[in-house]
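Student: Could you take me through a close look at one part of this model, and then show me how that part sits in the rest of the chain?

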Amino acid sequence: MLKHGDIWFAIDTLAQRNNLSVSALARLSGLDPTTFNRSKRINASGKERWPTTESISKILDATGCSLMDFIGLIPGIIVPDGTIDLPCLQQMMDLQPDTFSRSGTPFGRAWESISISLASHRGDFGIKVSDPKAFPGIAPGSTVLVSTAAEIRPGDKIVVQNLDFSLSMYVLQSEKRHSIEVTREDDVTSIRRESRRNIRWMSRVVGVLY
């Protein structure tokens, strides 16, 4: 049975693992900074207050923590062994127009399948990196996990596919109506502006398998 103190322990642990206070974790997630304060875990009448599913979803999204990883932080719960198949693309292959849908989801026959542990499962597909120039900071042979559904915020790593179908990884700095501003992981001082007209899609990087 899930206990009130156990779920709060998992939130506290998630904050600590990201070198954050619970207030900073809430702020990073777009929540009121007092959302996870200890003083709010019991209401004035002494009734236990539980975190909402929305607040948990937001902290997982903000930290890149998978649901299975979070469940593993709850005392007494053992994350099941096992694997799941995820679509994976070789980065340097000759990409065709039908490799991705217009929204950036896997499409066509170019995709392989990789098995990853349930505990590591996050994202919708993987990109196996072979050219560190396009994916700076990622060792060749590593697999970048990408989510098409995760909210993108300034500071997030993103994968961008341009109209020539090439793939590149950046750090998002800001979004404007007609363009985005990005930097490279290996050159955070040089800001590059990309016109949205030249972008087929962009999605958030939520993990790396080394």
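Tutor: Let's start with the buried residues of helix 1, which are His 4, Asp 6, Ile 7, Trp 8, Ala 10, Ile 11, Asp 12, Thr 13, Leu 14 and Ala 15. Buried here means under 20% relative accessible area, exposed means over 50%, and partly exposed lies in between, with a 1.4 Å probe and protein chains only. Before going further, note that this is a predicted model, in which local features need pLDDT of at least 70 and side-chain atom pairs count only at pLDDT 80 or more, while totals for chains, interfaces and linings use all residues. Residues are numbered from 1 along each chain as its sequence is written, and side-chain values use heavy atoms, with hydrogens and water left out.

Helix 1 is mostly covered, with ten of its 14 residues buried. The cover over those buried residues includes helix 2 (22–28), helix 3 (53–63) and helix 4 (67–71); contact means heavy atoms within 4.5 Å. Helices (H or I, at least four residues) and strands (E, at least two) are DSSP runs, numbered from the N terminus.

As for its geometry, helix 1 takes in residues 4–17 and spans 21 Å from its first C-alpha to its last, close to the expected 20 Å; that expected span is 1.5 Å times one less than the number of residues. Just after helix 1 comes Asn 19, with a positive phi of about 55 degrees.

Now for the wider chain. It has four helices and nine strands, in the order α-α-α-α-β-β-β-β-β-β-β-β-β from the N terminus. Of its 210 residues, 43% count as buried. Among contacts between residues at least 6 apart in sequence, 59% join residues at least 24 apart. The C-alpha atoms fill a box of roughly 60 × 40 × 30 Å along the principal axes.

Among the strands, strand 1 (residues 83–90) pairs with strand 2 (residues 112–117) in the antiparallel sense over six bridges; two strands pair if DSSP finds at least two bridges between them. Strand 1 also runs parallel to strand 3 (residues 125–128), joined by three bridges. Gln 90 has Lys 128 in strand 3 as its bridge partner, while Cys 88 stands opposite Glu 112 in strand 2.

Cys 88 is buried, at a relative accessible area of 3%, and Cys 65 also counts as buried, at 15%. A search of the whole structure finds zero disulfides, a disulfide being a pair of cysteine sulfur atoms within 2.5 Å.
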